[in-house]
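Q: I am new to this structure and would like to learn how to read it. Could you walk me through a few features?

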Amino acid sequence: MRNRVIPKRLAVFFSSAALLLFSVLCSAAGLVLVRTARLPEAPAVQTAESVPQNSVPLLVVDPGHGGQDGGASAEGGDVLEKDLNLAVSGNVADLCAVFGLPVRLTRTEDVLLYDYFGDLDDYTGKQKTYDLKNRLRIAEESGARLLVSVHMNQFPQASCRGFQVYYSPNDPDSRVAAQRIQSAARSFLDRENDREIKPATSAIYLLKHVRIPAVLAECGFLSNPEERALLVSPDYRRRLAAVLFVPAADYLAEQIHD
Ligand SMILES: [Zn+2]
């Protein structure tokens, strides 16, 4: 049975613009947050079993790419998507730590995760496939109630820009979470952003196959000069993190059960 008191109170708290503003103000003030959610032996940060009963359920944040897979790039490879994804995800984990929300990152280092579970002796030619399989497996086996995968975009036409969220077609709650994150991006990053959320096609393996509510945020285009300048700014990335964190916390607070 749903606990109808705590979730509502928490939901109101987390969804308040004041919290988002607080996060932005913290970033503006250069507040250094303690990275208690990022342990050296990660990705084993938290599991659902370690989350106390009646707590907000576990959030898994997945910094896309890593290691030899840099993802999108700009400025001759000086700016790599994998590094920005990790930085934004770390900022989300920081916010979770500050507000006492359980969080787990799929990676906290510059690596791919293809050999995380040691399924094969030789991953030649299968690294990308197993990397994605393992991110999915980490999210599902952790008992998380929401997966947020963090990415940056790239397109041949430099004029393309704008934050956009994709959602998994496998659980209706994915669309709910995606819509909230997209709305937060419009309100707090760019009021001109008219992009709409989209269901993932088979091109997005993680969202197509995952069974828990899941979204993938394309946080901006590295191929657009103005947006790239924003994305390489630590202050802007902390605002991005708040845009991901607040709706995620809002959604997860509604999932508390007795
Ligand atoms: Zn990507």
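Q: In which helix is Lys 82 found?
A: Helices (H or I, at least four residues) and strands (E, at least two) are DSSP runs, numbered from the N terminus. Here, Lys 82 sits in helix 3 (residues 81-99). This is a predicted model: local features need pLDDT of at least 70, side-chain atom pairs count only at pLDDT 80 or more, and totals for chains, interfaces and linings use all residues. Residues are numbered from 1 along each chain as its sequence is written.

Q: Why does Lys 82 count as buried?
A: A residue is buried if 20 or more other C-beta atoms, placed from the backbone, lie within 10 Å of its own, exposed if 12 or fewer, and partly exposed in between. Lys 82 counts as buried because it has 24 C-beta neighbours inside 10 Å.

Q: Which residues does Lys 82 touch?
A: Two residues are in contact if their C-beta atoms, placed from the backbone, lie within 7 Å. Leaving aside residues up to four places away in sequence, Lys 82 touches His 65, Gly 66, Asp 69, Gly 70, Gly 71 and Asp 110.

Q: What span does helix 4 reach?
A: The expected span is 1.5 Å times one less than the number of residues. Helix 4 (residues 127-141), with 15 residues, reaches 20 Å from first C-alpha to last, close to the expected 21 Å.

Q: Which residues of helix 4 are buried, and what covers them?
A: They are Asp 131, Asn 134, Arg 135, Leu 136, Ile 138 and Ala 139. Their cover includes strand 1 (59-63), strand 5 (146-153) and helix 6 (205-209).
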